[in-house]
Amino acid sequence: MKIGVLALQGAVAEHAAAIEAVGAEAVAVKTAAQLEALDGLVLPGGESTAMRRLIAGANMLEALQVFAAQKPVFGTCAGLILLARDVENDAPHIGAMNITVARNSFGRQIDSFITDLDVQGTKVSAVFIRAPHITAVGDGVEVLATFDGRIVLARDGHLLGCAFHPELTENRYVFGLFLEMVKKSASARLASHENVL
Amino acid sequence: MIQTGVDAVKRGMAQMQKGGVIMDVINAEQAKIAEAAGATAVMALERVPSDIRKAGGVARMADPRIMEEVMNAVSIPVMAKARIGHIVEARVLESMGVDYIDESEVLTPADEEYHLLKSDFSVPFVCGCRDLGEAARRIGEGAAMLRTKGEPGTGNIVEAVRHLRQVNAQVRQVVSMPKDELMTLAKNLGAPFEVLLQIQALGRLPVVNFAAGGVATPADAALMMELGADGVFVGSGIFKSENPEKFAKAIVQATTHYQDYARITELSKELGAPMKGIDVTSMPFEQRMQERGW
């Protein structure tokens, strides 16, 4: 499986290393043309405001929206904000995932923290840095983890959104989850392609 | 159970800044220009480095009103500078909720022998370095991010290039060196042995390293990325240029697309005049900010 990491800004190398660690190929993506060859895409942690400007500067918004409508996308932290259909007190961006997010909802950097989460019965160490959280989910969205009553990991069909930073720890559970989604989507596309033939 | 102020969140915050541009600003209006251009953070100051040079005298932590104004104006992280070794300025900035503190040679040092013990604080710190010895000492004290010093307020990239090449050459040396030679290198560099062991194990510095001190054009920013910087700080280069909005946007785009030369060509067209530069070799030694730090 070939999984891209949007490489305009942020923790690109960390996400690429995590993707490789679960056994997929990671590709740094800086242009819309590079999206073609991918089975899935990660929108990495970073600064969401800066990434918005850089996506606009690279003329990638429309291509990212088309990609997210068809293939699996995983947004972490800033990437989650870009992926959400609604952002509190701000305009949505890619707007593909049927959730509402609030930015900086755990406070400033001094309040950033690390904790253990229960993700579907698995203990996952989670780093929250000036993190957003998911304030509401639409129909069909699965809530996969909460912290302190707030939704911090959710799945909407082939879209995965995470408020914390799974790329900053050695635990690859969340990346494994995404790889399964990518594989499932690729085999479904292959099956429908064979049906057409 | 949650843990705050630990290395994972301090260093992680800097990892989220990678590939980005951190801009010096002196008020809310400039901070908004920086944010709109795509800066990943702003450094709130009373004066940019070139004006600190002109003003002379003692440069201190800015009026807290400026930091408050900037923190209220933007949603990106806000950094601020404290004097080297000034424990109370740093504690004041921490209590205000500033996102990152720069223990900076741009301000007049408060202590000519000791830096802050940064591991004592919950807020993360960035510090300047010119070589691996200095970089490793700052990491040993708890810095969660580094920046090569360059020569601030000059608009001259030459010192920034010198320092980044020096640090990276010494990192390569550590990584390729037999372990039994590391202690003597630690002695010669004045570097904590444990930090060199970490560098050898990781194959790189254990914290993010930006370039600073002299970036004035989109090509300068791209050059620092080409040489292996994780991102850039731009001090006087934005708001001392003829057209700060254009310079800010162009420097952000050039930092991301640093190997796309056709794009850098377009970004560099009709920008207006960059900040006026200073030849570092003609500068009296005592005016060199990079000499501050021990």
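How many residues of chain B are in contact with chain A, and how many residues of chain A do they meet? In this predicted model, 40 residues of chain B are in contact with 36 residues of chain A.

I begin with its overall extent. Between chain B and chain A, an area of about 2800 Å² is buried. Carbon and sulfur atoms give 56% of that area. As for polar interactions, 20 residue pairs are found in polar contact across the interface, counting pairs with both residues at pLDDT 80 or more.

Which elements of chain B supply at least two residues each of the side that touches chain A? They are the strand β1 (2–4) and the helices α1 (7–15), α2 (28–37) and α12 (244–256). The largest share comes from α1(B), with 6 residues.

Let me now turn to charged pairs. The interface of chain B and chain A holds 3 salt bridges. One of them may be inspected in the structure above: R130(A) forms a salt bridge with D99(B), and their closest N and O atoms are 3.2 Å apart.

My next topic is the strand pairing between the chains. Strand β7 of chain A, residues 113–119, pairs with β1(B) in the antiparallel sense, over 3 bridges. Along this pairing, I114(A) stands opposite Q3(B), and T115(A) stands opposite I2(B).

These strands belong to an open sheet of 3 strands, in the order β8(A)-β7(A)-β1(B), with antiparallel pairing. Why is one side of β8 of chain A, and of β1 of chain B, left without a neighbour in the sheet? Both strands stand at the edges and each has a single partner strand, so one side of each remains without a neighbour there. From one strand to the next, the twist averages 30 degrees.

Finally, I would draw attention to R103(A), which lies in the loop between β6 (97–102) and β7 of chain A. Leaving aside residues up to four places away in sequence, R103(A) touches S48(A), T49(A), I81(A), V87(A), D90(A) and P132(A), as well as S75(B). With S75(B), the side chain of R103(A) makes a polar contact of 3.0 Å, side chain to side chain. Within chain A, the C-alpha atoms of R103(A) and A131(A) are separated by 6.8 Å, although these residues are 28 residues apart along the chain.

Definitions and conventions
Residues numbered from 1 in each chain as written. Chains lettered and ligands numbered in written order. Predicted model: local features only at pLDDT ≥ 70, side-chain atom pairs only at ≥ 80, totals over all residues. Heavy atoms only, no water. Contact = heavy atoms within 4.5 Å. Buried area = accessible area lost by both parts, 1.4 Å probe. Salt bridge = Lys/Arg side-chain N within 4 Å of Asp/Glu carboxyl O. Polar contact = N/O pair within 3.5 Å; in protein donor to acceptor, adjacent residues only side chain to side chain. Helix = DSSP H or I, 4+ residues; strand = E, 2+ residues; numbered from the N terminus. Pairing = 2+ DSSP bridges. Axes fitted to C-alpha atoms, helices over the stretch in contact; angles between N-to-C directions.
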